[in-house]
Amino acid sequence: MPARFSDRERLLRSVKEESLLQTIKDAALLHGWLFQHSRDSRRADVGFPDCLMVKGETGPGRNDGRILALELKRVGKEPTEEQNRWLFALSTVPRVMACVVTVEDLDWVLAELAQGAPEEEARYE
């Protein structure tokens, strides 16, 4: 018997990656992030995240730059082995946050883009 989804689950599963990408891009640019997305993934390294955002905060006594690398997925979809390899490698770099996100994570992503450096990363300042 096929799985039955609630109305909320059906709605979340219907959101396409392109819509999620555009929402995240708009928010990133609004909050002063540089935004990179390769429209033609055939020209990018296999598994490289869908979007890379950089926000540099520099000035006297400041070194608050951050990088956010996101692999966007529809609800219920999993990253490939190559995508996981890129995300893991990027996540080992200080001040880089690399993760898989779906529309369920949108509130968190928007909050990250709107704020400065997270408190747990303050040791790098």
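Let's start with Val101, which sits in strand β6 (strands are DSSP runs of E, at least two residues, and helices are runs of H or I, at least four, all numbered from the N terminus). This is a predicted model, where local features need pLDDT of at least 70, side-chain atom pairs count only at pLDDT 80 or more, and totals for chains, interfaces and linings use all residues. Residues are numbered from 1 along each chain as its sequence is written, and side-chain values use heavy atoms, leaving out hydrogens and water.

Val101 has a relative accessible area of 1%, so it counts as buried (under 20%; exposed is over 50%, partly exposed in between, with a 1.4 Å probe and protein chains only). Leaving aside residues up to four places away in sequence, Val101 touches Leu20, Ile24, Leu70 and Trp108, among others (contact means heavy atoms within 4.5 Å).

## The nonpolar cores

In soluble globular proteins, nonpolar side chains tend to be buried together. Here the largest nonpolar core has 18 residues, and Ile24, Met53, Leu70, Leu72 and Leu113 have the most contacts inside it (a core is a set of buried Ala, Val, Leu, Ile, Met, Phe, Trp, Tyr and Cys residues joined through side-chain atoms within 4.5 Å). Helix α2 (17-30) gives at least two residues to this core, as do β2, β5, β6 and α4.

A second, separate core has five residues, including Leu87 and Leu90.
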